[in-house]
Every structure is written in C-alpha cells, then in structure tokens.
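Let's take a walk through a protein model together, strand by strand. Keep the picture open while you read.

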Amino acid sequence: YNGPESIEYDFNTGSYFISNSNNGQILELDINNELSIFANNLSNGPHGLEIVNDVLYACSGGRLKGFNLNDGAQILNYNLNGMFLNGITHIENTLFITDFSDRKLYAYEIENETHYEVVSFNKNPNGTYWDEINNRLLVICWGNNAPIYNINYLEGDYNTIINTGLGNLDGIAMDQCGNFFISAWSSNSIHKYNMDFSESELVVPNMSYPADICFNQFDNILAVPNSVNNTIGFFEFNCDNSNIIEGFNSR
C-alpha cells in the first residue's frame, strides 16, 4: 500500500479494491488475501472508488475513470471538469461525486455519459453515501465541527443533520442494521452513529489518518484504509452492538 485512500468490496468475488493515492494504482486484495495491481498509471490519485454492476469507478483528479472488473481494462475516462473529485456513491445508474476543492456535488449518468452539478456547499465535502434504508443521500465534510448533510438531489439543496464536533471527516459507511461508521482525522478514529445520528460512540481508536471506509455487509466487516502508515484495518462487528469480534491490519 502507498497512501491507501479508498476501499470498496466486491460482493460477487469477495475482493477488496484499494486506491493507492500516492502512486496512481488500484490494488485488488482477493479472497485468498493475495494482493495484486488491478489498474496502473492513473495520472491523479486515485481517490474514491465505487462498483456499479461490472465496473469499478474511480475519482482521479477532475476526471471519472471506469475499469472492467473482469479484466481491469479501462473503459471510461470522463472529464467532469472538477478540481479534486473525492467521494463517490451511486443510486441505480447515477453516480454522485463530491468535489472537495470546489465544494460541489456532481451527478454522472452512466447510461448517457453526461453529468451535471447537483449542489454547492459552504464546506468542503468529502465522503458520500446512499442510505438505501432511509432513501437519502448523505455527505460528510472536512473542517472543524464537521457537519453531516442530507442532500435533496432532486431539488438541488441540502440540510444539516448534525454538526459532529469532530474535525476532518473522510469516509462514511453503513451496516445492514442502519448504523453508520465515520472516519475522523481529528481523533484518528472510527465513530459509530445510530440511524438518526442521535447517538454516537468511538468504536475503533488509534488509526493512522483513516480515509474512505467501506462496510462489507455480507461478512459484517468494516474495512479502513490508514492513509499515513500504509495499512488496511479489518474489523468484524456484531450488527446489533459495538463489540469488535476481531480486528487486524493488512500491510
């Protein structure tokens, strides 16, 4: 790993894909714990990763790139004219992508290969997640007392769910019970929130600038890229409580 920034789980194969933001690579950690280079020579980043059908999408500078999951071939190199595309999620055939530096959220229509600006923010947006249980699009932010936003992507506006009191939020993921996990650089930890964000607790401390996380709902595993010490942490949770069953780092 070299600046691991985002991790994405492929339910079909059991592989994790990791963006190596320092050297323009996407790595694949397969079900046998074998690590290999899936894609190489990305000119910027990459940062956020998202799987839709048989394509792995990657944020790379101001561009959106796509790779065939079966053979790693690049099939998309689309210019969103962004400054620093970072977080990414999807609803059906639409990708939602945060632009960290330009403080915007974009939508990319996969079938039409077109994009548009959804909304602009007064904070730097980072991670984003589509909450299927509550049918809402969430964005978490950088900076002090970082907010979590609920995005009305049809109307092009948003409201603040909570100001967290944490600084520099990076990644957001959800387990199958509707609990949210959020990585924060200010505490170098993972924080867990209940579904309505009324309760929170620190569940994984002593991280190393945890970045864009994912939750493997099939195995109840939270995967955390530690962007500075170049490790990936895997933590198995019970869905209905905060007890870590098992945790380890992969180098």
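Start with an open sheet of four strands, in the order 17-18-19-20 with antiparallel pairing. Strands here are DSSP runs of E with at least two residues, numbered from the N terminus, and two strands count as paired if DSSP finds at least two bridges between them. At the edges sit strand 17 (169–174) and strand 20 (200–204), each pairing on one side only. From one strand to the next, the twist averages 30°; the axes behind such angles are lines fitted to C-alpha atoms, and angles run from 0 to 180 degrees between N-to-C directions.

Before going further, a word on the model. It is predicted, so local features need pLDDT of at least 70 and side-chain atom pairs count only at pLDDT 80 or more, while totals for chains, interfaces and linings use all residues. Residues are numbered from 1 along each chain as its sequence is written, and side-chain values use heavy atoms, with hydrogens and water left out.

Back to the sheet. Strand 17 and strand 18 (residues 180–184) pair antiparallel over four bridges, and Met 174 has Phe 180 in strand 18 as its bridge partner. In the loop between strand 17 and strand 18 you'll find Asn 179. Is Asn 179 buried or exposed? Asn 179 is buried, with a relative accessible area of 14%. (Buried means under 20%, exposed over 50%, partly exposed in between, using a 1.4 Å probe and protein chains only.) Leaving out residues up to four places away in sequence, Asn 179 touches Ala 173, Met 174, Lys 192, Tyr 193, Asn 194 and Cys 239, where contact means heavy atoms within 4.5 Å.

Over in strand 20 is Glu 201, which is partly exposed at a relative accessible area of 37%. Glu 201 and Gly 127 are 74 residues apart in sequence and 19 Å apart in space, C-alpha to C-alpha.

Now hop to strand 3 (residues 25–29), where five of the five residues are buried. In a regular strand, side chains alternate between the two faces of the sheet. Here both faces are covered: Gln 25, Leu 27 and Leu 29 lie on one side, with Ile 26 and Glu 28 on the other. Strand 3 has hairpins with strand 2 (residues 16–20) and strand 4 (residues 35–39), compared here:

| Hairpin | Antiparallel bridges | A bridge pair | Residues between | Positive phi in the turn |
|---|---|---|---|---|
| Strand 2 and strand 3 | five bridges | Asn 20 and Gln 25 | four residues | Gly 24, about 70° |
| Strand 3 and strand 4 | four bridges | Leu 29 and Leu 35 | five residues | Asn 33, about 65° |

What about disulfides, meaning pairs of cysteine sulfur atoms within 2.5 Å? The structure has zero of them.

Last stop: the largest pocket, with about 690 Å³ of space. Its lining has 31 residues, and Glu 8, Phe 11, Glu 50, His 90 and Tyr 129 lie nearest its centre. Among the strands that supply at least two lining residues each are strand 1 (4–9), strand 9 (85–91) and strand 17. A pocket is an open set of points on a 1 Å grid over the protein atoms alone, where a 1.4 Å probe fits, with protein on both sides within 12 Å along at least five of seven lines; lining residues have an atom within 4 Å of a point. The volume is the space filled by probe spheres set on the points, which are joined across faces, edges and corners.

How values were computed: Disulfide = S-S within 2.5 Å.
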